[in-house]
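Hi everyone, and thanks for coming. I'd like to walk you through one structure today, so please have a look at it on the screen.

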Amino acid sequence: MSEQRTTAVGGMETSYGFRNVGAGDKQGLVNEVFHKVADRYDVMNDLMSGGLHRIWKDAMVAWLNPPRRPGWKVLDVAGGTGDIAFRIVDASHGNAHATVLDINGSMLGVGRERAEKRGLADKTDFVEANAEELPFADETFDAYTIAFGIRNVPRIDVALSEAWRVLKPGGRLLVLEFSEVEMPLLDKIYEAWSFNAIPRIGQAVTGDGEPYAYLVESIRKFPNQQNFAAMITRAGFDRVTFRNYTGGIAALHSGWKL
């Protein structure tokens with residue numbers, strides 16, 4: 001399969017990294033990756049970002065700026081370990097309620113344990129379901145967040161449409177994802193690190209480098225900033241903008257349901 005990025009037209013549906021897989025096969029393959037890395041999820045993100053994912057996630061929650069009032073509800077998708085949800089609840093001074101949705105039960109198990117340890121079990125729910133078919137009524141949530149998960153969803157356009165459906169009028173979408181580096185020298189350094197070092201380190205740390213090879217390839221296939229912004233707009237969102245972090249290694253996209 002071509003290593004070129006997919007565009008706003010699509011292509012991630014049958015892209016398992018650089019491999020072209022059959023329609024309907026990608027989700028099972030991705031599920032297996034995250035079953036393998038669930039217990040090492042933070043290690044995985046540290047390897048993928050050099051530890052910067054923690055700063056980017058803090059920036060995401062700061063831009064969301066959850067209100068400090070009871071009754072405000074956020075849906076965090078592909079956030080099984082609770083990384084984003086806990087940050088949001090803390091930022092709201094314990095007033096927000098976060099529903100964490102993930103298709104992977106192993107990831108959700110990690111999140112539930114962490115919620116109990118942090119004393120946040122009453123502020124969080126954990127739901128095993130598919131981002132392409134959310135088990136919630138229309139206009140349920142004030143915000144929808146997803147960090148480093150949208151590129152693993154086979155039908156991204158369907159997931160974005162579902163996000164629009166479950167958001168209340170005036171609700172906000174925030175998507176944090178690895179993106180296209182816009183600094184030429186940094187681009188070469190990051191690509192060399194990603195394709196050569198990360199799978200080898202993953203093999204050394206976890207005993208299995210294949211999940212890391214897939215994750216690196218999936219970053220390279222994901223639409224660039226402008227194309228992904230176009231997909232968000234096509235799903236019905238207004239005032240779509242994005243911010244680059246670390247030269248475009250990651251980008252944070254924002255859209256509103258107006």
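Let's begin at the start of helix H5, where a side-chain oxygen of Asn104 comes to within 3.0 Å of the backbone nitrogen of Ser106. That is a polar contact, meaning a pair of N or O atoms within 3.5 Å; within protein, one must be able to donate a hydrogen and the other to accept it, and residues adjacent in sequence count only if both atoms are side-chain atoms. When I say helix or strand, I mean DSSP runs numbered from the N terminus: H or I of at least four residues for helices, E of at least two for strands.

A word on where this comes from. This is a predicted model, in which local features need pLDDT of at least 70 and side-chain atom pairs count only at pLDDT 80 or more, while totals for chains, interfaces and linings use all residues. Residues are numbered from 1 along each chain as its sequence is written, and side-chain values use heavy atoms, with hydrogens and water left out.

Back to H5. Its 14 residues should span 20 Å at 1.5 Å a residue, and the end C-alpha atoms are 20 Å apart, which agrees; the expected span is 1.5 Å times one less than the number of residues. Which residues of H5 are buried? They are Met107, Leu108, Val110, Gly111 and Ala115. Buried here means under 20% relative accessible area, exposed means over 50%, and partly exposed is in between, using a 1.4 Å probe and protein chains only. After H5 comes Gly119, with a positive phi near 70 degrees.

Now for the sheet. Seven strands form an open, mixed sheet in the order S5-S4-S3-S6-S7-S9-S8. Two strands count as paired if DSSP finds at least two bridges between them. Strands S5 (124-128) and S8 (238-245) stand at the edges with a single partner strand each, so one side of each has no neighbour in the sheet. From one strand to the next, the twist averages 15 degrees. Helix H5 (residues 105-118) packs on this sheet, touching strand S4 (97-102) and S5, and its direction makes about 170 degrees with that of S5. Contact means heavy atoms within 4.5 Å; axes are lines fitted to C-alpha atoms, for helices over the stretch in contact, and angles run from 0 to 180 degrees between N-to-C directions.

How do the strands pair up? S3 (residues 73-77) and S6 (residues 141-147) run parallel, joined by four bridges, with Val74 partnered by Ala143 in S6. Strand S7 (residues 167-178) pairs antiparallel with S9 over seven bridges, and Leu173 has Gly255 in S9 as its bridge partner. S8 and S9 also run antiparallel, with six bridges, including Thr241 with Ser254 in S9. Six of the seven residues of S9 are buried, so this strand is largely enclosed by the rest of the structure.

Last stop, the loops. S8 and S9 form a hairpin with four residues between them, and Thr246 in the turn has a positive phi of about 50 degrees. At 34% relative accessibility, Thr246 counts as partly exposed. Glu139, in the loop between S5 and S6, has a positive phi of about 55 degrees although it is not a glycine.
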